[in-house]
Amino acid sequence: MLTTSLPEVLARFGHALSDPTRARVLLALRDGSAYPSDLAALVGASRQSLSNHLACLRGCGLVVAAPEGRRVRYELADGRLAAALDELAAVVVVADPACAPGSPPQAARAAAAPSDRADDVARVAP
């Protein structure tokens with residue numbers, strides 16, 4: 001068994017959650033195992049795209065593949081991940097939009113009047 005440090009484990013978890021499709025797959029697997037074709041339809045991804053996301057999630061150690069004859073079923077690698085995902089979803093995050101992908105350049109944000117900056121921090125609820 002490969003032993004990794006806590007920061008490495010958290011970095012893998014963060015990488016897996018950094019993509020909305022992978023996050024939807026993990027959330028879908030909270031309720032139990034599923035086949036790739038079902039997951040693709042559920043999360044709105046092509047089968048090819050989903051295959052790449054599942055490979056990433058396997059590489060991060062978050063999902064496992066369970067062969068069933070000619071088909072493969074996916075499930076969370078550890079049942080505690082379902083509870084961890086629920087806990088993360090329950091956290092209210094205060095986010096600076098500058099940290100989000102597609103946010104305006106920092107120079108444009110710095111030019112904003114202080115009264116305009118009140119909108120820069122948004123409360124995000126699950």
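The buried residues of helix 2 are T21, R22, A23, V25, L26, A28 and L29. Seven of the 10 residues in this helix are therefore buried, so helix 2 is largely enclosed by the rest of the structure. The cover over these buried residues includes helix 1, helix 3, helix 4, strand 1, strand 2 and helix 5. The model is a predicted one, and the values reported here are computed from it.

T21, which belongs to helix 2, has a relative accessible area of 14% and is buried because this value falls under 20%. Apart from residues up to four places away in sequence, T21 touches V43, A45 and H53. Helix 3 spans residues 36–43 and helix 4 spans residues 47–59.

The chain as a whole contains six helices and four strands. Read from the N terminus, the order of elements is α-α-α-α-β-β-α-β-α-β. Of the 126 residues in the chain, 25% are buried. The accessible surface of the chain comes to about 8400 Å², and carbon and sulfur atoms contribute 58% of that area. Among contacts in the chain with a separation of 6 or more, 53% are between residues 24 or more positions apart.

In soluble globular proteins, nonpolar side chains tend to be buried together. In this model the largest nonpolar core has 23 residues, and those with the most contacts inside it are V25, L26, L39 and L62. Two or more residues are given to this core by each of helix 1 (6–17), helix 2 (20–29), helix 3 (36–43), helix 4 (47–59), strand 2 (71–76) and helix 5 (80–90). V25 and L26 are also listed among the buried residues of helix 2. With neighbours within four places in sequence left aside, L62 is in contact with F13, A16, L26, L57, E75, L76, A77 and L81. One of these partners, L26, is itself among the core residues with the most contacts.

Nonpolar side chains also occur at the surface. L6, V9 and L10 make a nonpolar surface patch of about 290 Å². L10 is found in helix 1, and it counts as exposed because its relative accessibility of 52% is over the 50% limit.

Strand 1 (residues 63–68) pairs with strand 2 in the antiparallel sense over six bridges. Within this pairing, the bridge partner of A65 is Y74 in strand 2. The hairpin formed by strand 1 and strand 2 has two residues between the strands, and G69 in this hairpin takes a positive phi near 65°.

The count of salt bridges comes to four. One of them joins R30 and D86, with the closest N and O atoms 2.4 Å apart. R30 lies in the loop between helix 2 and helix 3, whereas D86 lies in helix 5, so the pair ties together parts that are 56 residues apart in sequence. Both residues are partly exposed: R30 has a relative accessibility of 31%, and D86 has a relative accessible area of 39%.

A salt bridge is also formed between E68 and R73, where the closest N and O atoms are 2.6 Å apart. E68 is partly exposed, with a relative accessible area of 32%, while R73 is buried at 19%. R73 falls under the 20% limit for a buried residue, and its relative accessible area is therefore enough to class it as buried. E68 and R73 are linked together with E75 in a network of salt bridges.

D78 is partly exposed, with a relative accessible area of 27%. R80, by contrast, is exposed, with a relative accessible area of 63%.

Note on methods
Residues are numbered from 1 along each chain as its sequence is written. This is a predicted model: local features need pLDDT of at least 70, side-chain atom pairs count only at pLDDT 80 or more; totals for chains, interfaces and linings use all residues. Side-chain values use heavy atoms; hydrogens and water are left out. A nonpolar core is a set of buried Ala, Val, Leu, Ile, Met, Phe, Trp, Tyr and Cys residues joined through side-chain atoms within 4.5 Å. Buried means under 20% relative accessible area, exposed over 50%, partly exposed in between (1.4 Å probe, protein chains only). Contact means heavy atoms within 4.5 Å. Patches are made of residues with over 30% relative accessible area and no salt bridge: like charges are joined within 9 Å, nonpolar side chains (Val, Leu, Ile, Met, Phe, Trp, Tyr) within 5 Å. Accessible areas come from the Shrake-Rupley method with a 1.4 Å probe; for residues, only the protein chains shown count as cover. Two strands pair if DSSP finds at least two bridges between them.
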